[in-house]
Amino acid sequence: MKVAFPYMGTTVIYKKLIELLGHDVVEPPEPTQRTIELGVKYSPEFACFPLKVVLGSYIEAVELGATTIVTSGGHGPCRAGFYGETHKKILRNLGYDVDIIVFDDYKSDKTGTIKKVRRLKNGKSWFYLWKSLKTVYSMAKSLDNIEKRIEKMRAYEVNRGECTKAWQTIKTWFDEVENIEDVRKTEGKSNKLLGEIKLIEVPEPNKIKIGIVGEIYVVMEQSINLRIEEMLGGLGAEVERSQYLSKWIDFNLLPKGIGKEHELNILKKGEKYIQEIIGGHAKQTVGHIVDYAERGFDGVVHLMPFACLPELVSQSIIPAISKEHNIPVITLSIDEQTGAANTLTRMEAFMDLIKSIKRTKIA
Amino acid sequence: MKIGIPRALLYYYYHPLWKTFFEKLGFEVVTSGKTTKELIDKGIKASVPEICVPIKIFNGHVLELLEAGVDYIFIPRMMSTRKGEFYCPKFMGLPDMVRYSIPGAKDKILFPKVTSLTDDISDFKIYSEMGETLGVSNKQIKAALLDGQKAWIEFRRITKEGYTALEVLDYVETGKKPQNPIKDYRVTIGLMGYVYDVYDEFVSMGIVDKLREMGVLVETFEMMDENLLDAELSDMNKRLFWTFSNKLLAAGYKFFKDGHIDGIIHVTAFGCGPDSLIGKIMELDSNEFGKPFMTIRVDEHTGENHLLTRIEAFIDMIYREKVKVKKEA
Ligand code: SF4
Ligand code: SF4
């Protein structure tokens, strides 16, 4: 069984889990223009942009020999839950012989989930599985911590691109870990590497902090969000995202009552503006904006796939939040036609706005 | 006290319930007028550009009611009316959107949360929270809901005899029984579309009347029995997440299989995510069933003439086919 997975964010983590279970991993390449084109070409027109890119990424994985794709179904009530089924149909129509294992919300389908896990467990013991999961979880935490550090450092690097390069190196290091001990060592080594990067000294009050919120796929996947983090870093802003893989695991996969305070707290902050979970991450989006405002961030970039149903609701409400909490927010709606040059211009203007607000605040 | 009800979205499905309810409680119900070009323009200005036309129209109606000086506007939060299904996210977030994006609306919205297992949403639990704001007792609410429920059930019953929502809304309002749906017709069309698209005369430009003038018998999803409709989607893999989208889809399948339906027209408003999905599914399956299928997508600026020509051509084509088949038989 040659196993692949959807490309989203720090993929070495999924790769590791599948490897530890003794499967051959086919790592889908990071989405490129070709991936997007393939996805757009073979997806129905109605599909949301993430669905198209993921399809493109599956096709590339299958071209590389993947026979099984493991993915999560996402949580209704939105089109995300429709992804697995639609992808299966399209791939089959294209004549690809590939199996897609969709992990849906395990609470609603426990036996189904256990069956799927048994298949993937590959004859390994449950104890071994547990150990592997723990390793991978600690890896996710570790990588997220490192990435958060990089997202701050980028704004101040003396040599452009150094942080991003270090991040690539670090990910290849993590690709080698086998147990929790390795994870710890690699984290130490990574931090050392980052410590060596030369940074410009910027006094605390002059630092610019920008939060990135929105639909999970476009927030997490840099290759389709025009590398917005690097772009903003290059313009001198520290960034922080609303979503990180380890937090997603905490909220969606860990049992009740563990590690969920953060997300619940965010949902609570969003409550005033969107009272119910309306699908996708709309309620989290508004909650995170409030959170960033309260934490003294200077601005927020809101990312959404073009015409994303729930995020259109957040977009409609954002001007009110922005006003009430006194924080500038810019919405970027993303699809295959969103251009990098145009986005850069908009981000530059946004940074100018933030700087001028900061100046009047300080003066 | 004046309670405003926007003549948009689910007005076309639940108005008899809501209107009766508020009136029985002793309030004056103000319904916004028909959608006009001006109203849409106002709605567009108040909405984010990417959002679907029906929401823009809805915002226009809210603005009109605010201008009319109502005390409250009733915008229930439609969450679910079937187990395991939801409403389109825009419905679920509708009161939030209105409260925070329409100036002056914030404290004037009544937005009880509607979660129910069936289309009948006259359950006391849904409406009880408004008691305090409106200054009415639980007992009064219960009594008013009973009347509302009766009105709604009657509305649904007559609709199923083959009358359009507009005809029946009119009947419930004025007591004037609608005329029999046409008896002489040359073609029968299954019309797919959300009630707020098909019956908003600005969106669909009165498509039902136009079709009837062409000698067409029109059937829509609300004319069918809910349970029969639901059974069409017994194959779970075909179900979408959104209740009304499922109703449309189920109607579509029924139209495909039903021998007396000659063709299908899908009316959709620009910017609807769920509809683009349904449209695609129908298009793919229409080949399999060999039934003519046409989509009419209306945006803020579609010209009426153009629409009429396309519909005429479609109906003529179907009619010619029909005559030919008859001759050959
Ligand atoms: S959340 Fe947005 S992108 Fe995701 S399925 Fe729903 S509409 Fe599509
Ligand atoms: S179902 Fe379509 S038309 Fe209706 S609110 Fe949702 S997106 Fe708009």
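In strand E10 of chain B, Val298(B) is the bridge partner of Ala269(B). This structure is a predicted model, in which local features need pLDDT of at least 70 and side-chain atom pairs count only at pLDDT 80 or more, while totals for chains, interfaces and linings use all residues. Residues are numbered from 1 along each chain as its sequence is written, chains are lettered from A in the order in which they are written, and side-chain values use heavy atoms, without hydrogens and water.

Strands (E, at least two residues) and helices (H or I, at least four residues) are DSSP runs, numbered from the N terminus, and two strands pair if DSSP finds at least two bridges between them. Both strands belong to an open sheet of four strands in chain B, with the order E8-E7-E9-E10 and parallel pairing. Its edges are strand E8 (216–220) and strand E10 (293–298) of chain B, each of which pairs on one side only. On average, neighbouring strands of this sheet are turned by 25° against each other, direction ignored.

Helices accompany this sheet. Helix H14 (residues 243–257) of chain B lies across strand E7 (187–192), E8 and E9 of chain B and runs at about 160° to E7(B). Helix H15 (residues 273–289) of chain B packs on the sheet, touches E7, E9 and E10 of chain B, and makes about 160° with the direction of E9(B). Such angles run from 0 to 180 degrees between N-to-C directions, with axes fitted to C-alpha atoms, for helices over the stretch in contact; contact means heavy atoms within 4.5 Å.

The text now turns to the meeting of the two chains. The contact takes 28 residues from chain B and 29 residues from chain A. The area buried between them is about 2500 Å², of which carbon and sulfur atoms give 70%; buried area is the accessible area (1.4 Å probe) that two parts lose on being put together, summed over both. Glu50(B), Tyr100(B) and Phe241(B) supply 27% of the area that chain B buries against chain A, more than any other three residues. Across this interface there is one salt bridge, a term for a side-chain nitrogen of Lys or Arg within 4 Å of a carboxyl oxygen of Asp or Glu. The side chains of Lys113(B) and Glu276(A) meet in a salt bridge at 3.3 Å, N to O.

Side chains of opposite charge can pair when their charged atoms come close. Over all chains, the count comes to 45 salt bridges. In chain A, Glu240(A) and Arg295(A) meet in one at 2.8 Å, N to O. Glu240(A) lies in strand E6 (residues 237–241) and Arg295(A) in the loop between helix H13 (282–294) and strand E7 (299–305) of chain A, so the pair ties together parts that are 55 residues apart in sequence. Glu240(A) counts as buried because its relative accessibility is 15%, whereas Arg295(A), at 41%, counts as partly exposed. Buried means under 20% relative accessible area, exposed over 50%, and partly exposed in between (1.4 Å probe, protein chains only).

In chain B, the side chains of Glu167(B) and Arg212(B) meet in a salt bridge at 2.6 Å, N to O. This pair links helix H9 (residues 165–174) with helix H12 (residues 207–213) of chain B, the two residues being 45 residues apart.
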